[in-house]
Amino acid sequence: MEAFTTYTGRAVPLRRSNVDTDQIIPAVWLKQVSRTGFDKGLFSGWREDPDFVLNQPQYAGAGILVAGPDFGTGSSREHAVWALQQYGFRVVIAPRFGDIFRNNSTKMGLLPVVLTGEQVADLQSRIEEDPALEVTVDLENREVRWDGVTARFEIDDYTRWRLMEGLDDIGLTLRHAEAIDDYEAKRTPWFPVTL
Amino acid sequence: MGRTLAEKVYDAHVVRRAEGEPDLLYIDLHLVHEVTSPQAFDGLRMAGRAVRRPDLTIATEDHNVPTTDLLKPIADPVSRTQVETLRKNCSDFGVRLHPMGDAGQGIVHVMGPQLGLTQPGMTVVCGDSHTSTHGAFGALAFGIGTSEVEHVLATQTLPQIQPKTMAVTVEGALPEGVTAKDLILAIIARIGTGGGQGHIIEYRGEAIRSLSMEGRMTVCNMSIEAGARAGMIAPDETTFEYIKGRPHAPSNAVAGGPGGSSPQNESGDDWDRAVEYWTSLRTDDDAVFDKEVVIDAAELTPFVTWGTNPGQGLPLGASVPDPASFEDPVQRQSAERALEYMGLTAGTPLRDIAVDTVFVGSCTNGRIEDLRAVAGVLQGRKVADGVRMLVVPGSMEVKKQAEEEGLDGVISASGAEWREAGCSMCLAMNPDKLTPGERSASTSNRNFEGRQGPGGRTHLVSPAVAAATAVTGRLTAPADL
């Protein structure tokens, strides 16, 4: 996983709520067995509309997506995170996220940032006024900064540390292999097995 | 202080707890399908890792499989590659697989309970958000992404921050003609698509206790549509009765081969010990939930969705809402957009909405009880001219049972299509899909834009409403016929 400390760049306002993962990456894209090539599928339904925000040239190359509440609800497909990252996003800012999407993001190093509905709306308006607006997302200090505004966000210490170090969960868990062995030795003996 | 059901099951699975770190949670059952697993198995290969517990892992082919011509190879080469990749992965890593055409094949969330692999007090995960279905048994079951699938394959554990708890209590009895699907759609409309975010919902109350296991699975299945991490129902006699005698139930000593139980299950006392433990899995009287919602069952009627998220639903007797009636600007804008996408006008009675297609199936409503409800309505009736109706059993086992009961004959005689098992038009990864602008009444779980095919328009309904709608060609409850 790529480490994340601070990102400074331009942002895209996506003025929609309930952006479910079926919109982020429609099911037809999920048939691939590799981890690459999902950027083409990002919002592929909505991108057919020439006015869709990602089709507007002033937002090309932005690394931050600023969306309405309940971003990433629905399907557990991690392909949604891969698609956002492969398209070039490093951060998604929204007032509320779907739990599974949020989890998937932090496993992959895409930073989900929760700001209030008011802060998100303010930021979206500022970007629309000035698409070249520079936005800084500072994970170390848990701050988003733009235009003299500083917005604090919450993230638990452990996830922050893991993102900043770019650490892979499996490696961390395997440090506790002995604890897993001990648990297995005491597990409910009649729980079912598949083989 | 007492503990909730969710807390009891969670606590019993903590492998390691340390200040400032997520808990490490043990996973008792890992369900695998072809869509969210290939990159996880690849990750294992690259790191030179094995599947830690193939004996706690089981796979099926469901999302991509066609529901016709099972004996022919899958026509779509990309779907075929994905299914073949699962077969190779299961073979390489020693994971039991129920492939297309196998008697045990089916939608992953229909298959687990049907085999008796889902039991109270277990932790169950799958790379699929509708894993919440298994909570109907008093298991803690939740959907995960592909990175987590790889993590469970490698370690049989998951790092977790303990979710909060939420009680949804449904008091009183459901009125005649109101089903589990109507109930969960009404709950989601009430609490919203983010209402359960960060929480495990426990469904309680008389109306919940009166539901069959199929009905309970329908309710828990859609917990994710309310944003919840999981849904649970305390196990009781209904639960025990459902599990008893299934291939992997405790004490069932059918030895050998797929469907057989393990050597450690062969002690005759296991069933009694299991029931004793399962009976302890209930929320203590003095336990406190972080959030509570109470619903009066008597007020419920058949419920359908009009919009593009599962929270945008109303009683069938209502009309398409006016976006201006929403005070919250975010909801207002969402409603405006939904009406535009759905091609609906505010004020239109929902009963006047004509559909092109009716889909019965999915992990929400593809079980035997759902098919019985559909056949009950279609008996002696015909699907309206110009309406296409697909009936897709949730598993080959459900299909076989339905055929033994003669339901397929009733369904086919009405003009509906009786298909093979799979996810089918719930998410349109196989050839069953809507065309742009086509409108469906669907027993599935998501009315998202394009969910059933690009440009398709979905109204979520119960199986009984689906069947009645097929007969009239407009959104209809059986009582209206």
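How many salt bridges does a search of the whole structure find over all chains? In this predicted model, the search finds 42.

**Figure 1. The interface of chain A and chain B.** On one side, 56 residues of chain A make contact; on the other, 84 residues of chain B. The two chains bury about 5,800 Å² between them. Carbon and sulfur atoms account for 55% of that area. In chain A, the residues that lose the most area to chain B are A:K31, A:W190 and A:T194. Together they make up 15% of what that side buries.

**Figure 2. Polar pairs and helices at the interface.** The rule finds 34 residue pairs in polar contact across the interface of chain A and chain B, both residues being at pLDDT 80 or more. On the chain A side, the elements giving two or more residues are α1 (21-24), α2 (79-87), α3 (99-108), α6 (169-174) and α7 (177-186). The largest share, seven residues, comes from α3(A). By residue class, the chain A side divides into 22 nonpolar, 15 polar and 19 charged.

**Figure 3. Salt bridges between the chains.** Seven salt bridges are found across the interface of chain A and chain B.

**Figure 4. Salt bridges within chain B.** B:E417 pairs with B:R419 in a salt bridge, with the closest N and O atoms 2.7 Å apart. B:E417 is partly exposed, at 32% relative accessible area. B:R419 counts as buried, at 13%. Elsewhere, shared partners join A:D181, A:E184, B:R52, B:R53 and B:D55 into one network of salt bridges. A further pair is B:E202 with B:R204, whose closest N and O atoms are 3.3 Å apart. Here B:E202 is buried, with a relative accessible area of 6%. B:R204 is partly exposed, at 29%.

**Figure 5. A salt bridge linking distant parts of chain A.** The side chains of A:E78 and A:R35 meet in a salt bridge, 4.0 Å from N to O. The two residues are 43 residues apart. A:E78 sits in the loop between β3 and α2 of chain A, whereas A:R35 belongs to the loop between α1 and β3. A:E78 is buried, with a relative accessible area of 0%. A:R35 is partly exposed, at 28%.

**Figure 6. Helix α2 of chain A and its packing.** The buried residues of α2(A) are A:H79, A:A80, A:V81, A:W82, A:A83 and A:L84. Within chain A, they pack against α1, β3 (64-67), β4 (91-94) and α3. From chain B, α2 (38-47) and α5 (146-155) also pack against them. A:G88 follows the helix, and its phi is positive, near 125°.

Figure 7. UniProt, in an unreviewed entry, lists B:C363, B:C423 and B:C426 under "binding site". The three are spread over 64 residues of sequence but cluster in space, with a largest C-alpha distance of 8.8 Å. B:C423 lies in the loop between β17 (417-418) and β18 (439-442). B:C426 is found in the loop between β17 and β18 as well. B:C423 counts as buried, because its relative accessibility of 7% is under 20%. B:C426 is also buried, at 5%. Beyond its sequence neighbours up to four places away, B:C423 touches B:D62, B:H63, B:I107 and B:F359.

Figure 8. B:S132 lies in the loop between β6 (123-126) and β7 (140-143) of chain B. This serine is buried, with a relative accessible area of 1%. The B:S132 side chain reaches the backbone oxygen of B:C220 at 2.9 Å. Other residues in contact with B:S132 include B:A141, B:N221 and B:G231. B:T157 is in strand β8 (residues 157-160) of chain B. B:T157 counts as buried, at 0% relative accessibility. Its side chain makes a polar contact with the side chain of B:T155, at 2.8 Å. B:T157 touches both chains; among its contacts are A:T173, A:I180, B:V15 and B:H151.

Definitions and conventions: Residues are numbered from 1 along each chain as its sequence is written. Chains are lettered from A and ligands numbered from 1 in the order in which they are written. This is a predicted model: local features need pLDDT of at least 70, side-chain atom pairs count only at pLDDT 80 or more; totals for chains, interfaces and linings use all residues. Side-chain values use heavy atoms; hydrogens and water are left out. UniProt positions are given in the numbering used here, feature names are shortened, and annotations may be inferred rather than shown by experiment. Helices (H or I, at least four residues) and strands (E, at least two) are DSSP runs, numbered from the N terminus. Buried means under 20% relative accessible area, exposed over 50%, partly exposed in between (1.4 Å probe, protein chains only). Contact means heavy atoms within 4.5 Å. Buried area is the accessible area (1.4 Å probe) that two parts lose on being put together, summed over both. A polar contact is a pair of N or O atoms within 3.5 Å; within protein, one must be able to donate a hydrogen and the other to accept it, and residues adjacent in sequence count only if both atoms are side-chain atoms. Ala, Val, Leu, Ile, Met, Phe, Trp, Tyr, Cys and Pro count as nonpolar, Asp, Glu, Lys and Arg as charged, and the others, Gly among them, as polar.
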